[in-house]
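Have the sequence and the 3D view ready.

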Amino acid sequence: MSATIVAIATHKGGVGKTVITMALSAAFARAGQPALVVDMDPQGHASIGLGVEVLDDELTLRDFFLDGSTPIDKLIRETHVKGLHVLPSNIRLAPVVQSLYMRPRREEMLRRGLASVRQHYSYVFIDCPPALGVLTETSLSAADLVIVPCQMEARAVDGLVDLLEMVSLIRGPSFDAWRILLTAWIRGRPSRTMRSWPSSSPELIGF
Ligand SMILES: Nc1ncnc2c1ncn2[C@@H]1O[C@H](COP(=O)(O)OP(=O)(O)OP(=O)(O)O)[C@@H](O)[C@H]1O
Ligand SMILES: [Mg+2]
């Protein structure tokens with residue numbers, strides 16, 4: 001087994017990244033497909049949401065990114081769902097971000113770190129922060145698949161373009177393993193997002 005690594009990413013806040021991460025990972029774990037959630041958001045919402053409390057002396061992703069020498073398997077925490085594990089974060093991850101900008105090959109850190117644990121899981125889901133910074137950069141570099149949640153609201157498409165440009169910059173223009181996941185869809189109600197979808201760019205719609 002070698003997990004498929006899925007990054008849930010967009011810099012738009014509050015569009016469902018964490019909810020999608022938690023729902024998909026728990027669903028796969030319950031179906032007998034072990035899953036690991038990587039909480040890349042210093043808000044720590046995925047960790048909290050999956051019931052993982054982080055005490056001051058416990059290891060988090062901060063320790064991994066701080067010096068790159070803390071093995072990632074030392075951070076793994078179990079959840080109440082069998083087969084669902086978390087690499088937790090909290091607000092202490094935030095100050096580490098600045099030092100990462102100076103790190104050579106920083107974008108490879110997460111993929112290299114996950115290499116030692118991915119054989120234990122069917123899926124690794126990375127919950128990205130609502131930003132296009134270094135934490136999202138290393139998450140996009142690690143991903144086999146990028147899921148971009150898009151809420152059904154006016155001007156949502158504008159935000160997608162920035163994220164997809166970042167994907168293209170990091171992974172190269174031929175990388176096409178990304179899909180847009182439409183969220184907060186209200187059946188039967190005409191959506192301004194759908195009406196404003198650029199008809200000249202049908203390839204924007206992954207599924
Ligand atoms: N499909 C949905 N329909 C309705 N409400 C939703 C849906 N998905 C998420 N929500 C609600 O929207 C809010 C934000 O969701 P969530 O925390 O998953 O967003 P996020 O993109 O991770 O936010 P952030 O950018 O702050 O990390 C939550 O209150 C959540 O319950
Ligand atoms: Mg979130």
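Q: Which residues of helix α6 are buried?
A: In α6 they are Leu135, Thr136, Glu137, Thr138, Ser139, Leu140 and Ala142. Please keep in mind that this is a predicted model.

Q: What makes α6 largely enclosed by the rest of the structure?
A: Helix α6 spans residues 134–142, and seven of its nine residues are buried, so the rest of the structure largely encloses it.

Q: Which elements do the buried residues of α6 pack against?
A: They pack against β1 (4–8), α4 (96–100), α5 (109–114), β5 (123–127), β6 and α7.

Q: Why is Arg112 called partly exposed?
A: Arg112 lies in helix α5. It has 14 other C-beta atoms within 10 Å. Buried needs 20 or more and exposed needs 12 or fewer, so a count in between is called partly exposed. Arg112 therefore gets that label. The C-alpha atoms of Arg112 and Ala142 are 8.1 Å apart, although 30 residues separate them along the chain.

Q: How do you know that the buried residues of α7 are on the same side of the helix?
A: The buried residues of α7 are Ala156, Leu163 and Val167. They cover an arc of only 50° around the axis, which is why they count as being on the same side of α7. On the other side, Asp158, Val161, Glu165 and Leu169 are exposed.

Q: What span is expected for α7, and what does the model give?
A: Helix α7 (residues 156–171) has 16 residues, and at 1.5 Å a residue the expected span is 22 Å. From first C-alpha to last it reaches 23 Å, close to that expectation. Just after α7, Gly172 takes a positive phi of about 95°.

Q: Is Ser168 buried, exposed or partly exposed, and how do you know?
A: Ser168 has its place in helix α7. With 14 other C-beta atoms within 10 Å, Ser168 is partly exposed, because that label covers counts between the cut-offs of 12 and 20. Beyond its neighbours within four places in sequence, Ser168 is in contact with Pro173 and Phe175. Ser168 and Leu140 are 28 residues apart in sequence and 9.9 Å apart in space, C-alpha to C-alpha.

Q: What makes Leu145 partly exposed?
A: Leu145 is found in strand β6 (residues 145–151). It has 15 other C-beta atoms within 10 Å, and therefore counts as partly exposed. Setting aside neighbours within four places in sequence, its contacts are Thr4, Val6 and Ala177.

Q: Which helix gives the most to the shell around ligand 1?
A: Helix α1 (residues 17–30) does, with three residues. Of the 13 residues around ligand 1, those that come nearest are Gly16, Lys17, Thr18, Val19 and Pro130. The shell divides into four nonpolar, seven polar and two charged residues.

Q: What makes the phi of Arg105 worth a look?
A: Most residues other than glycine have a negative phi. Arg105 is not a glycine, yet its phi is positive, about 50°. Arg105 is found in the loop between α4 and α5. With 10 other C-beta atoms within 10 Å, Arg105 is exposed, because 12 or fewer is enough for that label.

Q: Which residues touch the most other members of the largest nonpolar core?
A: Of its 48 residues, they are Val6, Ala7, Val124 and Ile126. Apart from neighbours within four places in sequence, Val124 is in contact with Ala3, Ile5, Val6, Leu36, Val38, Leu114 and Arg118. In soluble globular proteins, nonpolar side chains tend to be buried together.

Definitions and conventions:
Residues numbered from 1 in each chain as written. Chains lettered and ligands numbered in written order. Predicted model: local features only at pLDDT ≥ 70, side-chain atom pairs only at ≥ 80, totals over all residues. Near = placed C-beta within 6 Å. Helix = DSSP H or I, 4+ residues; strand = E, 2+ residues; numbered from the N terminus. Nonpolar A, V, L, I, M, F, W, Y, C, P; charged D, E, K, R; others polar. Contact = placed C-beta atoms within 7 Å. Expected span 1.5 Å × (residues − 1). Arc of directions from axis to C-beta. Core = buried A, V, L, I, M, F, W, Y, C linked by C-beta atoms within 7 Å.
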